[in-house]
Amino acid sequence: MGERGRLRLQPDGEPVPAANAEELLRRVAAGDESAFAALYDFIAGPVLGLVTRVLRNHAQAEEVAQEVLVEVWRKATRYVPERGSALSWVLTIAHRRAVDRVRSHQAVLDREDRAGRMDVRRPFDEVTESTLATLDQQRVRQCLAQLTDLQRESIVLAYYNGYTYPEVAEVLKVAPGTVKTRIRDGLIRLRDCLGVDR
Amino acid sequence: MTAELHTLTGAYALDAVSDVERAGFERHLAECAACRQEVAELRATGTWLGVAEAVGPPPELKALVLAETARTRQLPPRVTAPGKRRRTKAFGLRVALFGAAAAAVVAVGVGVVTTSAPPAPVDSVLSAPDATAIQSAGEGSATLVVSRSRNQAVLLASGLPALDAGHVYQVWMIRAGEALSAGILQPRMLMSDLPPGIDRIGITVEPTGGSAGPTTPAVTRISLT
């Protein structure tokens, strides 16, 4: 994700930190607490927002967000800059944790009511309306709008609902292999539209 | 890479695979540089979807996270090349510093400070040089961070059972024969000045609005001595 996208994330329009997130994370890996406090200010909003979106439950989301943020401290030594931006690394951890929580919870629900899962789907309009009109969000929204319906719905259900691609296929009534390729094709189009560098 | 496996990059990047498929694909990734590159790019693309959902986190989340990291050891780095393993700072020092950081939450005057207080004073109290974190006994999990030089303390509570609308958790500072109210816990953090001679902190369930003195047994206690 580009520098521009990152820096606009500062809450309350606060000034951009002197050090970038990768540099902060490098200092956190060396045990620097003040760097972690600064990194927190940069990542907490996206982490909590993403986890809330996936879990749909504020109490659970805050709990998971707290776990994710502590995990960032704990695993900072394992961050490899060559594999991606610091924010991408952090949100990968956050998404995985949220999805794990959804699936362990879902396993319980499935035993009770296997059909209940179908009700979770939301139309795309509702999905986009729930986002605020910041520049980043507008840009994501514009790029999502350029995908085919199947690409967009597959990505939204997989990422925001935490579905596996066979679950997405079940909801959309298409073959799993089709969803698999549509997710990839859609992400590649998104990548090019957003100008993602890494 | 085979075409069949390659198409999994997108689903893998979005965590839309089962644990079994993930493990299989990661074995493939280890041998496929082009796949690793694509996964990194598609993950970064997914990052945009996450960033688009960013919200303003509640101020107490930062205090809770800093209190937790204060007692969390970092993993050692993975060593890939021969040579000396890098050591992170001594754990004890980190605890002391972060304990100080947690204490920084105390900041302002006697009684309850709302959780919408700006984070900056919290940070400054958390970094007080003599701040110490003390764990609770009893229900839930509470951490008291004390700065003696500032005569301030901050209480961070989590895991206390939810109360009905008619009741609140009230925090008491206890010294010889006397319980002084530090205020109502709302919802998980409370900052207070620390009067002389206080040797215990207790949390009780009280009617909404609070009581002049504790009317029920403490659900959680913290000893300062």
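1. In this predicted model, strands β1(B) and β3 (residues 141–147) of chain B run antiparallel and are joined by four bridges; strands, DSSP runs of E with at least two residues, are numbered from the N terminus, and two of them pair if DSSP finds at least two bridges between them. Within this pair, B:Ala133 faces B:Val145 of β3(B).

2. The open sheet to which they belong has four strands in the order β1-β3-β4-β7 (chain B), with antiparallel pairing. Its edges are β1 (132–135) and β7 (189–193) of chain B, each of which pairs on one side only. Direction ignored, neighbouring strands are turned by 20° against each other on average.

3. Helix α5 (residues 59–70) of chain B lies across β1, β3, β4 (152–158) and β7 of chain B, at about 95° to β4(B). Helices are DSSP runs of H or I with at least four residues; angles run from 0 to 180 degrees between N-to-C directions of lines fitted to C-alpha atoms, for helices over the stretch in contact.

4. In chain A, helices α9 (residues 165–172) and α10 (residues 176–194) pack at about 110°, their axes 8 Å apart. They are therefore roughly perpendicular (65 to 115 degrees).

5. A:Tyr165, A:Pro166, A:Val168, A:Ala169 and A:Leu172 of α9(A) meet A:Pro176, A:Val179, A:Lys180 and A:Ile183 of α10(A), contact requiring C-beta atoms, placed from the backbone, within 7 Å.

6. Residues are numbered from 1 along each chain as its sequence is written, with chains lettered from A and ligands numbered from 1 in the order written. Local features need pLDDT of at least 70 and side-chain atom pairs count only at pLDDT 80 or more, whereas totals for chains, interfaces and linings use all residues.

Notes
Contact = placed C-beta atoms within 7 Å. Parallel < 35°, antiparallel > 145°, perpendicular 65-115°, else oblique.
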